[in-house]
Amino acid sequence: MTARNTFSIWRYEDSMLPNLLALSYIVLAYGLGLYGILSPLLWLNLLAVPLLAHSMVMAAYFIHECAHESVFKDRRHNRWLSELLLWVCGSSYSDFDDIKRKHNRHHSDRADIVSFDFRPRLMAYPKTLKFIQALEWAYIPALEVLMHALVIVLPFVKTSRKSRRARVVLFVLLRALFFIGLASVSWKVLLFYPIAYLLFLTVMRFMDVHQHTYELFETLDQKRGPEARLRDREFEHHNTYSNLLSERHPWLNLLVLNFCYHNVHHDQQAQPWYRLRRLHEQIYGDDERQVLTFRHLIKSYHRYRVPRILNSDPINMDVKQHEGETFIGVDGVSFLTAH
C-alpha cells in the first residue's frame, strides 16, 4: 500500500483515484459555486453558497495534505498544487512555505506556535474587543476574519515578514481584478461570496477549536528552543482529540477530508486522508477516550462562542467530562494563517 511507483507522480500508489476524485470535486464545486452566485435566480444563489464554501473547505484540507507532502512525491508538485488551492480558499496572500513551516512546528513542538498572541493585544483595546465579541455573539467569525486580514497587514508591520510584501500586493491586485470582473457580470457576487467565505471560516474554526489542549508559544519567528522539547508522544496523544462529525455514518467525515481523525494524523503524519478512518479503527478500536462527538461539540461551540475569544484551556484537562461540553476550545489557530 505504501510502495511507490517509479513512474507515478503520486506519493502513494493507491492515491491516484481518491486524490483525483477529491480534486475534481473541488474544481467542479468551485466553478459551479461561482456560477451559481452570479445567477439571477435566487434559489440557485442559495444552493451555490454552501457549495462554494465547501469547495474552500476541501481546498484548505488538501493544502494541509500538501504541507505533509502526502499527495505528490516531488515537493515542488505539492507546492504548485497548494498555490492553486490557496486561491480557491481565498488565502492566496499566505505563502505555502510559511504555512508548512508553522504547521510543522505545531507537530514537532507539540504546541500552538505563533508569532504573536492576539489575546493580550485585544485586551489592550477594549472597544475593539467588544465589537468582535458582539459579532461573534451573532455567529459572525470576526476573529477569524481578523486573523486572515493580518496575513495582509503584517508584512508591512513586521520586518521579519518584509519579504512577503510583493506577494501580498500582487494577490491583492489580482483578486481585486477578479472580483471586479465577477461583479461586472452580477453584483450578487459582492453579497454571496462573503457569505460563502464566512461559512467556510466557520467550518474551519469549528474543526480547529476542539482538537487540542496545547500550550501556546510566541516562537514562530525564532529557532526551536528548549520549550520545544517539553512534551513527548504520550503528552501529544492525551492532549489531542478526534472530533468526528459522525461515528455512525463515517462517510460524513469525508466532508472535511477526514481531518477529524486527528489523533491518528498526529501519530502518523504522512498518512494520506483516505486511509485515516481505517487506521483510526485499527489503532484505537473501541477506545474512545480521545474521541469527541459532533452533537456535544456543537453545544460547546454555541455556548462558549464569546468566551472562547480570550480562552486558553489548561493542558491535561478532563475534556471527556460531560462529553466535551465543558471544553471551551481555542480560537485563532488555523494552519492557513501563518503568523
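Select Leu336 and show what surrounds it: leaving aside neighbours within four places in sequence, Leu336 is in contact with Ala60, Ile63, Leu86, Cys89, Ser91, Ser94, Ile99, His148, Phe200 and Met204. Keep in mind as you go that this is a predicted model.

**Stop 1: the core around Leu336**

Together with Leu336, they are the residues with the most contacts inside the largest nonpolar core, which has 68 residues. Which helix gives this core its largest share? Colour residues 42-67 to see the answer: helix α2 supplies 14 residues. Apart from this core lies another one, of 11 residues, and you can find it by selecting Phe116, Phe118, Leu143 and Ile309, which are among its members. Here is some background for both stops: in soluble globular proteins, nonpolar side chains tend to be buried together.

**Stop 2: Ser91, a neighbour of Leu336**

Go back to Leu336 and pick Ser91 from its list of contacts. Ser91 sits in the loop between α3 and α4. Is Ser91 buried or exposed? Ser91 is buried, because its relative accessible area is 2%, and buried means under 20%. Beyond its neighbours within four places in sequence, Ser91 touches Leu86, His148 and Leu336.

**Stop 3: a network of charges**

Next, look at charged side chains. Side chains of opposite charge can pair when their charged atoms come close. The count for this model comes to 24 salt bridges. Begin with Asp95 and Arg167, whose side chains meet in a salt bridge with an N to O distance of 3.8 Å. This pair links distant parts of the chain, 72 residues apart: Asp95 is in the loop between α3 (75-88) and α4 (96-109), while Arg167 is in helix α8. Both Asp95 and Arg167 are buried.

Then select Asp98 and Arg164. Their closest N and O atoms are 2.9 Å apart, in another salt bridge. Asp98 belongs to helix α4 and Arg164 to the loop between α7 and α8, so here too distant parts of the chain are linked, 66 residues apart. Compare how covered the two partners are: Asp98 counts as buried because its relative accessibility is 10%, whereas Arg164, at 23%, counts as partly exposed.

Arg224 is partly exposed at 37% relative accessibility, and Asp109 is buried at 2%.

To finish this stop, show Arg79, Glu83, Asp95, Asp97, Asp98, Arg164 and Arg167 together. Salt bridges that share partners join these residues into one network.

**Stop 4**

Zoom in on Phe156, found in the loop between α7 (142-153) and α8 (165-185). Phe156 is partly exposed, with a relative accessible area of 43%.

**Stop 5: two positive phi angles**

Turn now to the backbone. Most residues other than glycine have a negative phi, and most peptide bonds are trans. Select Arg110, whose phi is near 55 degrees, a positive value in a residue other than glycine. Arg110 is placed in the loop between α4 and β1 (112-113), and at 17% relative accessibility it counts as buried. Then move to Tyr139, which also has a positive phi, near 65 degrees. Tyr139 is in the loop between α6 (126-137) and α7, where it is partly exposed, with a relative accessible area of 43%.

**Last stop: Arg275**

Finally, select Arg275, in the loop between α11 (262-267) and α12 (276-284). Arg275 counts as buried, at 10% relative accessibility. Which side chain does the side chain of Arg275 meet in a polar contact? Show Gln271: the polar contact between the two side chains is 2.9 Å.

How values were computed
Residues numbered from 1 in each chain as written. Predicted model: local features only at pLDDT ≥ 70, side-chain atom pairs only at ≥ 80, totals over all residues. Heavy atoms only, no water. Helix = DSSP H or I, 4+ residues; strand = E, 2+ residues; numbered from the N terminus. Buried < 20%, exposed > 50% of the residue type's maximum accessible area, 1.4 Å probe, protein only. Core = buried A, V, L, I, M, F, W, Y, C linked by side-chain atoms within 4.5 Å. Contact = heavy atoms within 4.5 Å. Salt bridge = Lys/Arg side-chain N within 4 Å of Asp/Glu carboxyl O. Polar contact = N/O pair within 3.5 Å; in protein donor to acceptor, adjacent residues only side chain to side chain.
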